Amino acid sequence: MIVLKSAREIEKMKEAGKLLASIHKEIRNMINPGITTWEIDQFVDGYLKKHGATAEQKGYRGYEYATCASINDEVCHGFPRKKPLKSGDIVTIDMVVNLNGALADSAWSYAVGDVTEKTQRLLDVTKEALYEGIKASVPGNRIGDIGHAIQTYVESKGFSVVREFIGHGIGAVIHEKPDVPHFGLPGKGARIKEGMVFTIEPMVNIGEWPTKMDDNGWTARTVDGTLSAQYEHTIAITKDGPVILTDQDENS
């Protein structure tokens, strides 16, 4: 069942989203060769506590960290670690913020030092794919229109869209209906309605789209060892269209 949110609930989630966006702005300035994702995770945990919030995924199904930190060929759910990042790496930091019971979810990929032209293109295409999906998220459209917009754009640029991990509704808990695939056919799936709140979070690979799981049961990585990037926003559907609740004041 899809739970539609009231204006008051959406406003509370927007406050959580503002806090989350402020963390990503801080992380943007922290990303340099030599820093570890463990240090980033510790920073996020402390920042949330300082602002009266908690990391919602910490303890979720036994997950131990405030963030997911996925490096290079890791698609999602990478564990923070104490190995320093090096120039040429890319890293995706993903987190869910709980502020007074309201949740917001956002992932962002970062270049570490100097990256290759192809790596930068992967980052640019993945970010633009997110916004292509958001543009399709208008009342009256269907969920399939979002996935179709993302898939069409990504594949036109020569990259592939991960199928195994998708966006999702969010509200009182991290994962609600509707499921939001980043691929698919237009005109299919649930009708997009005012009051829906969900994430769009395309994961895009340089090579093939299938993934494989690490032995830890959490971390997914590309089957061919190529790089993967991800950008994610939480959005609310209003009568006037989508509103980005985790906006970092950059729409490019």
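## A tour from the helix pairs to the pocket

Start by selecting Val-125, Glu-128, Ala-129, Glu-132 and Gly-133 in H3, which meet Ile-146, Ala-149, Ile-150, Tyr-153 and Val-154 in H4 (contact means heavy atoms within 4.5 Å; helices, H or I of at least four residues, and strands, E of at least two, are DSSP runs numbered from the N terminus). Sorted by class, this contact has 7 nonpolar, 1 polar and 2 charged residues (Ala, Val, Leu, Ile, Met, Phe, Trp, Tyr, Cys and Pro count as nonpolar, Asp, Glu, Lys and Arg as charged, and the others, Gly among them, as polar).

Before going on, keep in mind that this is a predicted model, where local features need pLDDT of at least 70, side-chain atom pairs count only at pLDDT 80 or more, and totals for chains, interfaces and linings use all residues. Residues are numbered from 1 along each chain as its sequence is written, and side-chain values use heavy atoms, with hydrogens and water left out.

Now show the whole of H3 (residues 117–135) and H4 (residues 143–156): they pack at an angle of about 150°, with axes 8 Å apart (axes are lines fitted to C-alpha atoms, for helices over the stretch in contact, and angles run from 0 to 180 degrees between N-to-C directions). H3 and H4 are therefore roughly antiparallel, a label for angles over 145 degrees.

Next, select H1 (residues 7–30) and H2 (residues 37–50), which pack at about 145° with their axes 11 Å apart. Leu-19, Ser-22, Ile-23, Glu-26, Ile-27 and Met-30 in H1 meet Ile-40, Phe-43, Val-44, Tyr-47 and Leu-48 in H2. That contact has 9 nonpolar, 1 polar and 1 charged residues.

Then jump to Pro-178 in strand E8: the peptide bond from Lys-177 to Pro-178 is cis, with omega near 5°.

Finish at the largest pocket by selecting Tyr-60, His-77, Phe-165, His-168 and His-175, the nearest to its centre among 27 lining residues (on a 1 Å grid over the protein atoms alone, a pocket is an open set of points where a 1.4 Å probe fits, with protein on both sides within 12 Å along at least five of seven lines; lining residues have an atom within 4 Å of a point). Strand E4 (90–99), strand E7 (167–169) and strand E8 (176–180) each give two or more residues to this lining, and E4 gives the most, with 3.

How values were computed. Angles under 35 degrees count as roughly parallel, over 145 as roughly antiparallel, 65 to 115 as roughly perpendicular and the rest as oblique.
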